[in-house]
Amino acid sequence: MSGRPWLALLLAASLQVAHGQGGGRLAEVEVGFRAAPVADAWNPLRVTVRDVGSGRLTLVADQGNLRDGEIPWTMVVPVSGGAGVRVLEVDVYLPAWRSLVWSLEAGGTIVASGALPREAADRRRLDLVVSARPGAVAERLAGRVVDVPASLLPARAAAYDGVRSLWIDGSAGMPAPAALTAAAAAGAVVVLDGDALRDPVVAEVVGEAATWIPIAAGGWWVGPPPDGAQLESARVDLDAYLAAFAAAGGVVAPRTVSVAAVMVAASAYVLLVLLAWRVGGAPGLLTWSVLLLGASVLAWGAPRPSSPTLIESRALHVGVGDLAWRTEVHDLLTLPAGEVEVPRVARPATTTTGEQRLGSPPATTLTLPRWRGATLVESPRAAPALLALDADGLPVAVGDRVLHDVRIVGGPAWREVAPGRALEPATDPAGIGGHAAAFEALLPPGSAWARDGDDWHVALAPGVRW
Amino acid sequence: MTARLPRVVERGLERLRAGDLPQFGLLLLALLVATLVVTWPARPGLANESWYTVSQTRSVLVALLALGYGMGLPLATPRAAAGTVLAVSLLAITTLPLELVAHAGSAPATPAWWAWLVTPVATAGHLALGALLGIVVRRLRLTALAPLLAPAVLVGAVAIDVRLGVTLLNPLTAALQVAPGHLAFHGAAALLGAAALGWAARRRGGEA
């Protein structure tokens, strides 16, 4: 046998290795589940880097239009690099974009970049499927069905903000139980079917439940698989809750000195200065100096707001049992024009120019004109509930806080409910008006809600929601 | 027993006590009070934009006053000229609390110290520019046009800045933002004006 075929094989093998090294990407960025992002929602972001030093990933979404021009929303994600393959998973808020570009910078150079087309800015929520036969679900639902491996499902509630349902039949493996709970807590309907119901963890939770196991603002569906209409009925419209809650707040512009007071004080100052000048000499100069100093101190102190930027934060909890879907709303008002920073990762409630920085310390910065308010909403997360309903459907404080203004939708009300204390006699459910009434109108009958300062707590009625 | 002030200071206070300067001062302060009251928000919750109008009005009126009185400086004795400079400067400083109240209510991004820094320097600069203008007017025998020249110089300053796209001479834009160029220009003008007045005084003394 001549040596030439071996030589040819060796050459081919060496070429393949070279291609593998040269053609391998330095970085891959996947926005959304299997690159299917949901606009106007928090999405999982997966960054994979190979042999790249530490740097940062910058995503810029232009939310502008023909009338207003560019309105950029920038997201900055620090990426910890190094030798080998590194994977970073975080959640970012994607507005409805006109263009979305990303670039990964490390060591002062751009090592990778890309863009998402405008057509990908789809607001419809996803139906995730973990199954060897995803087509069966796709035929059942007229929506955005995405086939996802079980191992890629994160255990972060914010990642499921844009997810309507998660279907698991056990034929393609089981996700971590924490991922199932996170998806349900975020408001998704987790449909468990087939072998999934025989999973030990699932079987223990399901027990004797017939169809629906509520978990925070979503739940597990363990009955016959639902159709699209049943899915929509089972879902809690958390966006509507959040919009009603956000509308109930807002920072009020500081109360300024009245125009009459300004007129009297300014006129008095002018008259006294003229009198001081009339006196003349050293006494006149001294009087003028005192007047100037006194008037300056008064002018600076009296009409000045306590801070040029006012921020008020409130939290909304919506839960069932011990677990709640929680998000925090920050109302801002800036008097001077400029950038206002909140040390949290949050999204604006309305289209605004701004920047979201993940990492340590996290921050969200909005660029606002003078005397303009804005509302920032943090990413949702699962948190312990502070308000629940007992077996009789009565409110009970399950945390360590005393809750006030407790109301059952369509039922009685209480002044307060305290942990470890029996309920006081119910009071007449006095009529509430404005935003609180609009919020209560969204809750299912039998649900309870209460306040803890500016925070609102909702315990949803655990019954079937369709 | 009363403390004795330096003569220049006494001269300045005397200018503020009698003559035309107190009348112009009253007019200036009354206009600023009226501007403040008119632009102050009538209802709570409304955006307070009073500072933008008050600061620009104040800046322009003080500049006009300084240019006008500056034109008379070359004719005065050095002591009288120094008294006038001091009186106009004190008058300019007197207007500052009226701007400060508008600043505190409006909360603009421009720092409050800027007005306190720029006012004495710009006033001195405008006095000097006025003095230089006065010398030129007399040399050219155009004194009849003197009352028109102060506003004309201000209009020219605005036009030059707008044309060049800078904030160097324009008191309207310099009132609203920190402008080091404006400060430097008027500082230099003040020094130049003081030197010119000194030279003119020495020359008059020599001729006498």
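A residue counts as buried if 20 or more other C-beta atoms lie within 10 Å of its own, as exposed if 12 or fewer do, and as partly exposed in between. The exercises below apply this rule and others to a predicted model.

**Exercise 1. Describe the make-up and overall form of chain B.**

Step 1. Of the 208 residues of chain B, 44% are buried.

Step 2. The secondary structure of chain B consists of nine helices and zero strands, so that the order of elements from the N terminus reads α-α-α-α-α-α-α-α-α.

Step 3. For 208 residues, a compact globule would have a radius of gyration near 17 Å; the value for chain B is 18 Å, which agrees. Along the principal axes, the C-alpha trace of chain B spans about 65 × 55 × 30 Å.

Step 4. Among the contacts of chain B with a separation of 6 or more, 75% are between residues 24 or more positions apart.

**Exercise 2. Determine how the radius of gyration of chain A relates to the globule rule.**

Step 1. Chain A contains nine helices and 27 strands.

Step 2. The globule rule gives 23 Å for 466 residues, whereas the radius of gyration of chain A is 29 Å; chain A is therefore more spread out than a compact globule.

Step 3. The box filled by the C-alpha atoms of chain A, taken along the principal axes, is roughly 120 × 75 × 40 Å.

Step 4. In chain A, 39% of the 466 residues count as buried.

**Exercise 3. Identify the nonpolar cores and examine one residue of the largest.**

Step 1. The largest nonpolar core has 117 residues, and A:Trp325, A:Val318 and A:Leu387 are among those with the most contacts inside it.

Step 2. A second, separate core has 66 residues, including B:Leu16, B:Leu36, B:Ala66 and B:Leu91.

Step 3. Apart from neighbours within four places in sequence, the contacts of A:Leu387 include A:Pro395, A:Val398, A:Leu403 and A:His457.

**Exercise 4. Classify A:Leu197 as buried, partly exposed or exposed, and locate it.**

Step 1. A:Leu197 has 15 C-beta neighbours inside 10 Å, and therefore counts as partly exposed.

Step 2. In chain A, the loop between strand E11 (189-192) and helix H4 (200-206) holds A:Leu197.

Step 3. When residues up to four places away in sequence are not counted, A:Leu197 touches A:Leu192, A:Val202, A:Ala203, A:Val206 and A:Val222.

Step 4. A:Ser54 is 143 residues from A:Leu197 along the chain, and their C-alpha atoms are separated by 43 Å.

**Exercise 5. Characterise the contact between the two chains.**

Step 1. Chain B gives 33 residues to the contact and chain A gives 36 residues.

Step 2. On the side of chain B that touches chain A, helices H1 (7-17), H2 (21-39), H4 (78-94) and H5 (96-106) of chain B each supply at least two residues.

Step 3. This side of chain B divides into 26 nonpolar, five polar and two charged residues.

Key
Residues numbered from 1 in each chain as written. Chains lettered and ligands numbered in written order. Predicted model: local features only at pLDDT ≥ 70, side-chain atom pairs only at ≥ 80, totals over all residues. Helix = DSSP H or I, 4+ residues; strand = E, 2+ residues; numbered from the N terminus. Rg over C-alpha atoms; globule rule 2.2 N^0.38 Å. Core = buried A, V, L, I, M, F, W, Y, C linked by C-beta atoms within 7 Å. Contact = placed C-beta atoms within 7 Å. Nonpolar A, V, L, I, M, F, W, Y, C, P; charged D, E, K, R; others polar.
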